[in-house]
Amino acid sequence: MVVATARAKFDETVNAAVRLGVNPAHADQMVRGSLFCPTVGKIGRVLVFAKGEKEKEALEAGADVVGSDDVVEKIKAGWLEFDRSSLRPDMMGVSVNWGRSSGPAA
């Protein structure tokens, strides 16, 4: 329905607010997590920072470039041929090396 009613010449977004009826003051009612909604249209080139078996999983999921320290060195050298990037939780340390120079988060 979103695609059928789109009128703009740019990628439109959809915001959703969900009332869960929980009280976050209570530890047993904390809600944490994320939701992935597939996008419509072109996503672009995806870079994933991962090591070991997670590299294979990222490639199977459709990532264009997967790596760790080798990719960080390429980025430091000026390579920016990707549109989106994702870091596995165990790879958060690599973003310290180049995160500030990559600009503000979108």
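Which residue just after α3 takes a positive phi? Gly78 does, at about 115°. This is a predicted model: local features need pLDDT of at least 70, side-chain atom pairs count only at pLDDT 80 or more, and totals for chains, interfaces and linings use all residues. Residues are numbered from 1 along each chain as its sequence is written, and side-chain values use heavy atoms, with hydrogens and water left out.

**Overall layout**

- The protein has four helices and three strands. Helices (H or I, at least four residues) and strands (E, at least two) are DSSP runs, numbered from the N terminus.
- Along the sequence, the order is α-β-α-β-α-β-α.
- The protein has 106 residues, and 16% of them count as buried. Buried means under 20% relative accessible area, exposed means over 50%, and partly exposed lies in between (1.4 Å probe, protein chains only).
- Among contacts with a separation of 6 or more, 44% join residues 24 or more positions apart. A contact means heavy atoms within 4.5 Å.
- Accessible areas come from the Shrake-Rupley method with a 1.4 Å probe; for residues, only the protein chains shown count as cover.

**Nonpolar cores**

- The largest nonpolar core has nine residues: Leu47, Phe49, Val71, Val72, Ile75, Trp79, Phe82, Met91 and Val94. A nonpolar core is a set of buried Ala, Val, Leu, Ile, Met, Phe, Trp, Tyr and Cys residues joined through side-chain atoms within 4.5 Å.
- β1 and α3 are the elements that give two or more residues to this core.
- α3 gives the most, with three residues.
- A second, separate core has five residues, including Ala50, Ala58, Ala63 and Val66.

- Val71, Val72 and Ile75 are buried in α3. They sit on the same side of α3, because they cover an arc of only 105° around the axis. The arc is that of the directions from the helix axis to the C-beta atoms.
- Asp70 also lies in helix α3. Its relative accessible area is 48%, so Asp70 is partly exposed.
- Asp70 and Phe49 are 21 residues apart in sequence. Their C-alpha atoms are 9.9 Å apart in space.
- Ser68 lies in the loop between β2 (65-67) and α3 (69-76). Ser68 counts as buried because its relative accessibility is 12%.
- Leaving aside residues up to four places away in sequence, Ser68 touches Phe49, Ala50, Lys51 and Met91. Phe49 and Met91 belong to the largest nonpolar core, while Ala50 belongs to the second one.

**Salt bridges**

- The structure holds two salt bridges. A salt bridge is a side-chain nitrogen of Lys or Arg within 4 Å of a carboxyl oxygen of Asp or Glu.
- One joins the side chains of Asp83 and Arg45, at 3.6 Å from N to O. This pair links distant parts of the chain, 38 residues apart. Asp83 is in the loop between α3 and β3 (84-87), and Arg45 is in the loop between α1 and β1.
- Asp83 is partly exposed, with a relative accessible area of 40%. Arg45 is also partly exposed, at 41% relative accessibility.
- The other joins the side chains of Lys54 and Glu57, at 3.6 Å from N to O. Both residues lie in helix α2 (residues 53-61), three residues apart, about one turn of the helix.
- An α-helix has 3.6 residues a turn, so residues three or four places apart point the same way.
- Lys54 is partly exposed at 30% relative accessibility. Glu57 is partly exposed at 37%.

**Surface patch**

- Val18, Leu20, Val22 and Val31 form a nonpolar patch on the surface. Together they have about 370 Å² of accessible area.
- Patches are made of residues with over 30% relative accessible area and no salt bridge; like charges are joined within 9 Å, and nonpolar side chains (Val, Leu, Ile, Met, Phe, Trp, Tyr) within 5 Å.
- Leu20 is in the loop between α1 and β1. Its relative accessible area is 53%, so Leu20 is exposed.
- Val31 lies in the loop between α1 (2-5) and β1 (46-49). Val31 counts as exposed, at 52% relative accessibility.
- Leu20 and Val31 are 11 residues apart in sequence and 8.9 Å apart in space, C-alpha to C-alpha.
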